[in-house]
Number of protein chains: 2
Amino acid sequence: MDRIDQYIKKHCSESIEELKQLVEIPSVSAQQTGQADCAALIRQMLQARGFTTSLLGEESGAPVVFGELRGTGDRTLLIYNHYDVQPAEPLELWETPPFQPTLRDGKLYGRGVNDDKGHFANRLLAIDALLAQGPLPCTIKWVIEGEEETTSANLTRQVNADPAPYAADACVWEFGQVDDQDRPIQHLGLRGICYVELSVETANQDMHSGIGGSIMPNAAWRLVWALRSIKGQDENVRISGFYSKVKPVSAATRLLLDALPDEGPALRQQYGVSGFLKGLTGGAPLRLAQAHEPSCTICGLESGYQGPGAKTVQPARASAKVDFRLVPDQDPDEIFELLRAHLDRNDFEDVHIELIAKERPAVTDPDDPFVRMVVDSAVDVYGTPMQVVPSIGGSGPNALFLRHHAFPIVTAGVGHPTMQMHAPNENLRLDLYEKGARHMARIIRRFATHAG
Amino acid sequence: MDRIDQYIKKHCSESIEELKQLVEIPSVSAQQTGQADCAALIRQMLQARGFTTSLLGEESGAPVVFGELRGTGDRTLLIYNHYDVQPAEPLELWETPPFQPTLRDGKLYGRGVNDDKGHFANRLLAIDALLAQGPLPCTIKWVIEGEEETTSANLTRQVNADPAPYAADACVWEFGQVDDQDRPIQHLGLRGICYVELSVETANQDMHSGIGGSIMPNAAWRLVWALRSIKGQDENVRISGFYSKVKPVSAATRLLLDALPDEGPALRQQYGVSGFLKGLTGGAPLRLAQAHEPSCTICGLESGYQGPGAKTVQPARASAKVDFRLVPDQDPDEIFELLRAHLDRNDFEDVHIELIAKERPAVTDPDDPFVRMVVDSAVDVYGTPMQVVPSIGGSGPNALFLRHHAFPIVTAGVGHPTMQMHAPNENLRLDLYEKGARHMARIIRRFATHAG
């Protein structure tokens, strides 16, 4: 692998320049900006490497870029990435503008440098290094969608309508990361998600709070009470049936969790929190709660006057964005129905719910030979064993592919704990960028020639 | 009064032009804009009528304009108005820009045309009509402040530091209005207010909801639970001691309420609500609840992501604006202390409270001779008896004056039920503008010569 590693080292800066071009396009799916431009650039970058490409679903949303590069062997690796990014707000907290990628202190800053444009560019670098040695030893199929951050509605339509193109022997997922001591991590599952907006309208207009406060319904109060009915201070979701399909965590999963380092101290420091919910302090119980139990998060609240000082107004409208993270075998459609029934039963017929996004939970077997190979080939790059984490707290459309094709899905990438994913000052460590490409090149090589 | 009425009729348009000048200055106290400019214009308008004027408290907030015009008699009438306005947001709901006053269909539209610049300009018109006949028969003292909408901190400082200038035999308050059938209303009291901002910070930054949702405290949830602890779905405030100083409503007040028309149908129609809280339908019980019971209103909610689509973020910060309307003998400082104690007792030490504004409740005796005179002189103008409403749901600094001087306070003005006070498309009916000035001129004349 020496020549491959040398190639990667030598061409890292060029690859970062390519990444910068991607980051400069504000492809925020929640705000539907820059999507076509970014898809076109992604496609162009694939074509430059010899991929045959197509754009799918241009009429129905952000285009899905699909690329294929035939290899000499008969095995096929599917790679999944996305070119959309989270909104950059709150803008005032960025040290440099989110869509003007900036290098400082060995890091590249900008929205999407890690999640997920950095991973796309990084994998291109790995493939460049392999192509410099000759044809690829296996076929690469690559799907890069533009709605991952808003839960992949267009990709879902494409895959469900025509799943055949995504057939493969194994899959590399969008991300991968090291822990706070630079030990690589293998994440084998994702939680599902049911993302809803709750909204209430209690009058045809806002009113003076002195007039309406005592006698008219207040949208903000209705929303607060409805939310409180969904989850109480004990953190338990109070929707009847919410937990009924949660599968017990297996003994194998518990063993994996027990073997992992304690994330507690790093999380406490990073987010400036003194403790965790439910009396958790760290270790396997913290990991179990984080990724193997469902959650209910208020992502946003909005009602009435939010400016400075006092406005004595009674709001006619109020809304909240809420995500439910789901674990096997919870189903987002079913959770949505349970939520509606819960609100109706609790005298909240006036609270409207919109299902904004949904994904099912899914996991990969840690004993799969492909997983073992990926974990094994990390040692050479990172100089330390890869930790196997049975599931991560986040979500993604892995279940979408697994519904049609039975392949193992692994993670491998360039992330690190303080990369500020979904937050201001998102960043990419250049040292991990080089390592990520080296690991990816090894995965492709060994995948082509091994059972894994 | 014929010549006075003729003068008013003839000079109404000029007066409206003067009002427009005032409305064009966006003197939003919550946003601290245009205050000095508006105070200067108010002062200039008073000086043009021969008032001696001064600006008080320029260093400590929006200047308080004080004017005095000596009359021939020995009685003194205090008039109270304010030149600040509520924020104009949401701007998109205005049919014409809030600070570009626009005449259409017999109404003037703009922020402050009624609350309260219209009342100031209207009283100037009444005084002009009297001055056209000769010197005023009584002395007028006029205080026009610039922080009424944010509860009068600067005026409070000025009056408490030097109450002597505000000595008077009677007082006309900032507003007055007719009901939905154009019957004039006399409002004799105001509720007090304790306006607070609740805020929670649970981490040093927002985080990915997949990472923090199950294990880290969520500021929005903390806020929701804290709010729910303050008031439940039964509309009862759950703060221990909140109701303990509420005085029972007197039999006289109940009699007044029983004599008033039913506001229910008009309120239902105006705000598009099908019913009222606590099963109220209208009549005296609705009025009792509206103005003689304390209330707790969420005026604004803010946390996390509020843009379009889905952002899977766990907010580190959340805040709510809440007003408590108070009735005799509740005290806003005491309510603030009770709220703090309530939150501490209910495990919400992390919820910070800022006291943004406070005012005590106060009422005037309906049997006062001045009140009777004002009520009586309305008949001639409006052609129908004035309704005596013992208290209005809103608040104002009446208690501030009554702490130092024992005088009756009445209302008289140009408002109407759909004037959209504190809401988009605030408007002033020109027919009521003329009537308001005619009533005010009668009040000044009869006040100078009668016991009332």
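**Note on the predicted two-chain model**

1. In chain B, the strands β4, β5 and β20 form an open three-strand sheet in the order β4-β5-β20, with antiparallel pairing. Strands here are DSSP runs of E of at least two residues and helices are runs of H or I of at least four, numbered from the N terminus; two strands pair if DSSP finds at least two bridges between them. The edge strands are β4 (102-104) and β20 (427-429) of chain B, each of which pairs on one side only. From one strand to the next, the twist averages 25°. Axes are lines fitted to C-alpha atoms, for helices over the stretch in contact, and angles run from 0 to 180 degrees between N-to-C directions.

2. Residues are numbered from 1 along each chain as its sequence is written, and chains are lettered from A and ligands numbered from 1 in the order in which they are written.

3. Within the sheet of chain B, three bridges join β5 (residues 107-109) to β20(B), and the two strands run antiparallel. Tyr109(B) stands opposite Asn427(B) in β20(B). Helix α13 (residues 430-449) of chain B packs on this sheet and touches β5 and β20 of chain B; the helix direction makes about 65° with that of β20(B). Contact between two residues is taken to mean that their C-beta atoms, placed from the backbone, lie within 7 Å.

4. Chain A contains an open sheet of three strands in the order β4-β5-β20, with antiparallel pairing. Its edge strands are β4 (102-104) and β20 (427-429) of chain A, and the twist averages 25° from one strand to the next. β4(A) and β5(A) (residues 107-109) run antiparallel and are joined by three bridges; the bridge partner of Thr102(A) is Tyr109(A) in β5(A). Helix α13 (residues 430-449) of chain A packs on the sheet, where it touches β5 and β20 of chain A.

5. How are the two copies related? A rotation of 180° with 0.0 Å of shift along its axis superposes chain B on chain A, with an RMSD of 0.1 Å. The two copies are thus related as by a two-fold rotation axis. The same surface serves both copies, since 100% of the contact residues of chain B recur in chain A. The superposition is by least squares on the C-alpha atoms of residues with pLDDT of at least 70 in both copies.

6. At the interface, 75 residues of chain B are in contact with 75 residues of chain A. Elements of chain B that each supply at least two residues of the side touching chain A include α6 (219-230), α9 (283-292), β15 (317-326) and β16 (351-359). The largest share, nine residues, comes from β13(B). The residues on this side of chain B divide into 34 nonpolar, 30 polar and eleven charged. In this classification Ala, Val, Leu, Ile, Met, Phe, Trp, Tyr, Cys and Pro are nonpolar, Asp, Glu, Lys and Arg are charged, and the others, Gly among them, are polar.

7. Leu301(A) stands opposite Ser303(B) in β13(B).

8. Helix α6(A) (residues 219-230) and α6(B) pack at an angle of about 110°, with their axes 9 Å apart. The two helices α6(A) and α6(B) are therefore roughly perpendicular to each other, a term applied to angles of 65 to 115 degrees. Val224(A), Trp225(A), Leu227(A) and Arg228(A) meet Val224(B), Trp225(B), Leu227(B) and Arg228(B).

9. The domain assignment of chain A, automatic or from a database, gives domain 1 (2-190 + 361-449) and domain 2 (192-246 + 293-359). Their C-alpha centres lie 34 Å apart. Ten residues of domain 1 of chain A are in contact with eleven residues of domain 2 of chain A. The side of domain 1 of chain A that touches domain 2 of chain A has four nonpolar, six polar and no charged residues.

10. A cis peptide bond, with omega about 0°, joins Pro328(A) and Asp329(A); Asp329(A) lies in the loop between β15 and α10 (332-345) of chain A. Another cis peptide bond joins Asp115(B) and Asp116(B), with omega about 10°. Asp116(B) is in the loop between β5 and α3 (117-131) of chain B. Gln32(A), although not a glycine, has a positive phi of about 55°.

Notes. This is a predicted model: local features need pLDDT of at least 70, side-chain atom pairs count only at pLDDT 80 or more; totals for chains, interfaces and linings use all residues. Angles under 35 degrees count as roughly parallel, over 145 as roughly antiparallel, 65 to 115 as roughly perpendicular and the rest as oblique.
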